[in-house]
2 protein chains.
Amino acid sequence: MSLIVQKFGGTSVGSIARIEQVAEKVAKFRREGHDVVVVVSAMSGETNRLIALAHEVQERPVPREMDALISTGEQVTTALLSMALDKRGVKAKSYTGSQVRILTDNAHTKARIREIDNQRLHAGLEEGYVLVVAGFQGVDEHGNITTLGRGGSDTTAVALAAALKADECQIYTDVDGVYTTDPRVVDGARRLDRITFEEMLEMASMGSKVLQIRAVEFAGKYQVPLRVLHSFEEGPGTLITLEDADQMETPTIAGIAFNRDEAKLTVVGVPDMPGVAYKILGPIGEANIEVDVIVQNAGDDGHTDFSFTVSRTDLPRAEDVLKDVATSINAREVRSDRKIAKVSVVGVGMRSHAGVASQMFAALADVGVNIQMITTSEIKISVIIEEKYLELAVRALHSSFGLDREPQDESAA
Amino acid sequence: MSLIVQKFGGTSVGSIARIEQVAEKVAKFRREGHDVVVVVSAMSGETNRLIALAHEVQERPVPREMDALISTGEQVTTALLSMALDKRGVKAKSYTGSQVRILTDNAHTKARIREIDNQRLHAGLEEGYVLVVAGFQGVDEHGNITTLGRGGSDTTAVALAAALKADECQIYTDVDGVYTTDPRVVDGARRLDRITFEEMLEMASMGSKVLQIRAVEFAGKYQVPLRVLHSFEEGPGTLITLEDADQMETPTIAGIAFNRDEAKLTVVGVPDMPGVAYKILGPIGEANIEVDVIVQNAGDDGHTDFSFTVSRTDLPRAEDVLKDVATSINAREVRSDRKIAKVSVVGVGMRSHAGVASQMFAALADVGVNIQMITTSEIKISVIIEEKYLELAVRALHSSFGLDREPQDESAA
């Protein structure tokens, strides 16, 4: 018998019929003898309905009251799911964030969890209840209701799993696991049985948005085994774990991630002197624009080109900021390009395997894709390419790294 | 500067436009320098929507979960009203029953208030906030969310006023005060400036359902001055207070109440011996049927007729119960009549004025209304009459006791 935390998102509980299906699934686990804590989101559409009400009243609603308002959405789901479990003869109890006591800071609408009181939960479990906890919400030290921001329910689930030392945290979604790449782009994309937290972070931050990145970080930090599963289809899903030292042969590459939401800015002919990077990126940061890839290459003539990428919606604002900057640092000009995309190969295995970069560049060269920028990290190599070559590049890399096939070591294990 | 508790019901906050109107009214009081605590119900329709969801899941929903579910309705209103106040430059904070700490027993869906922690509220008031509190809900000693049952928001308001020693508790409704009788029956019905708690209880229990009887009892017990006002029309409303010793000339009669929801049962030819009343009413009570008027008259022949009234919906069940009872006590027969109504004259003044009863009976005789049953209390005399004479009787009494005219002492004061 183990302790499992299960999280069901808004679409999984989007109607009474869906809630009944979720109850059926939870009841099954309970009957198998597991202790179960369920974390639920608001029924899909409910949060938006409440936000619309707030905006009818105020353009920028008071954050404290916004939290009091939208936290009701999850509370409704917890009560309904508890009833649906009770109907199936499964003892269940609903909990708000405040009732559990999920203590957060007081940053309303984007609070961070500080501490979870696991006493009440343990007591509930010992009495034989399935505990149904409202995701996405907590309470500050003064008893004010807070919310964790959109997608915070994943974080709630992971935090509860950590606090309760659960054996597994299962995140139910509308996909049956994490894939080697987007199946809509590559036919041969394959569900991974396992992926490490680090790999998942690199995958998640680039479009394979199965899980909130924050939840994955949290899970990694507290070493909570995390599993992504389909809400209404059977299957093992993908287990996200620490790197497994026992596994002799780690596959080199876990997957190919990509992101279309990139735009490139280049400040051309920048006098090559200390502090230039700061002079360019300082004002960008102050304007609350997030920068992704940054590349600088010094030239021979005492000048350099400085390039970076931002999300496409931020491009016009970034251009405005750079106009003034370019003048003040005597740069020649500012160029921008919104028709680019980023492709990355991700895998903890590349730490111990040389030649991943050269294999990547060779694969791209084979299909005639020109590389505009390159950045590398411990477990990821990313390139910026022309957007129109994106699918071609992803397919070439997926095939080149053998991701279409079941990995050798897994079939041998 | 005084401290006022204001309560707005579901229709008063039934839309964003209505909530804005309420905010306007609250803001006006605040700007006049008063400390204000506002108690709100769920937006009209919301509680029913939530109950319907619960019933989609379970025929008889788990009471604890029912409370968790429906308490969200008031929470939504508190947040929206707080935003609407903030928009008007009035600092406001929402509170759930749990946040105030309105401690109740654990009788889910019909909990009773035990204690209110006024520290947090006082702190909020001292910081200059208008406090917007969710009506109808509380929390038990284990932190479970409870609700006070339908109409519990009035009780919340009165309880808060008592706990905070407020100068007045204002209940905003869809009528502009308490009337001498139903204006739909008597054209000359007049709004009362004042009425005592006792009179209000007698009026409320018989159809003038402006206020929850429970709230009036509570207000009387803790001597909270209670005022009934119209939500969206200006006016002084009706103040419900203790009997005013300073007021030299208390009007004899405050009003004429009536109730159509009465049905009469008579057990005819009951052997006149001790314990008969219990033998008849015991089984009725066990069947959860509430009895209103009870009359017994002993005859000469060792037999008596025992009559009582119940609400019309309970009549068939009461008849079933009495069939068995009648046999077991050797009564001759059971008769029932659902075409009756009750008319009462109510007034604390009748304590010191003789002749109210005879004036009442004379007025009814004058218009040819036959009296079937009579009961009296300290401040009320009720008669059961044929339903078809109800309006006639009410008008005759209203006129006979001079309720069409402004009372002398009020104009002199």
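How many bridges join E10(A) to strand E12 of chain A, and do the two run parallel or antiparallel? Three bridges join them, and the strands run parallel. E12 covers residues 238–241 of chain A. One facing pair can be picked out: A:Arg194 stands opposite A:Leu239 in E12(A). Keep in mind that this is a predicted model.

Now widen the view to the sheet. E10 and E12 belong to an open sheet of eight strands in chain A. The order is E3-E6-E2-E1-E9-E11-E12-E10, and the pairing is mixed. Strand E3 (92–95) and strand E10 (194–196) of chain A stand at the edges. Each has a single partner strand, so one side of each is left without a neighbour in the sheet. For E10, the partner is E12, the strand it meets through three bridges. Neighbouring strands of this sheet are turned by 20 degrees against each other on average, direction ignored.

Next, the chain as a whole. Chain A holds 13 helices and 18 strands. Its radius of gyration is 24 Å, close to the 22 Å that the globule rule gives for 413 residues, so chain A is as compact as a globular protein of that length. Along the principal axes, the C-alpha atoms of chain A fill a box of roughly 75 × 60 × 35 Å.

Of the 413 residues in chain A, 49% are buried. Take the contacts in chain A between residues at least 6 apart in sequence: 74% of them join residues at least 24 apart.

Note on methods:
Residues are numbered from 1 along each chain as its sequence is written. Chains are lettered from A and ligands numbered from 1 in the order in which they are written. This is a predicted model: local features need pLDDT of at least 70, side-chain atom pairs count only at pLDDT 80 or more; totals for chains, interfaces and linings use all residues. Two strands pair if DSSP finds at least two bridges between them. Helices (H or I, at least four residues) and strands (E, at least two) are DSSP runs, numbered from the N terminus. Axes are lines fitted to C-alpha atoms, for helices over the stretch in contact, and angles run from 0 to 180 degrees between N-to-C directions. The radius of gyration is taken over C-alpha atoms; the globule rule is 2.2 Å times the number of residues to the power 0.38. A residue is buried if 20 or more other C-beta atoms lie within 10 Å of its own, exposed if 12 or fewer, and partly exposed in between; C-beta atoms are placed from the backbone. Two residues are in contact if their C-beta atoms, placed from the backbone, lie within 7 Å.
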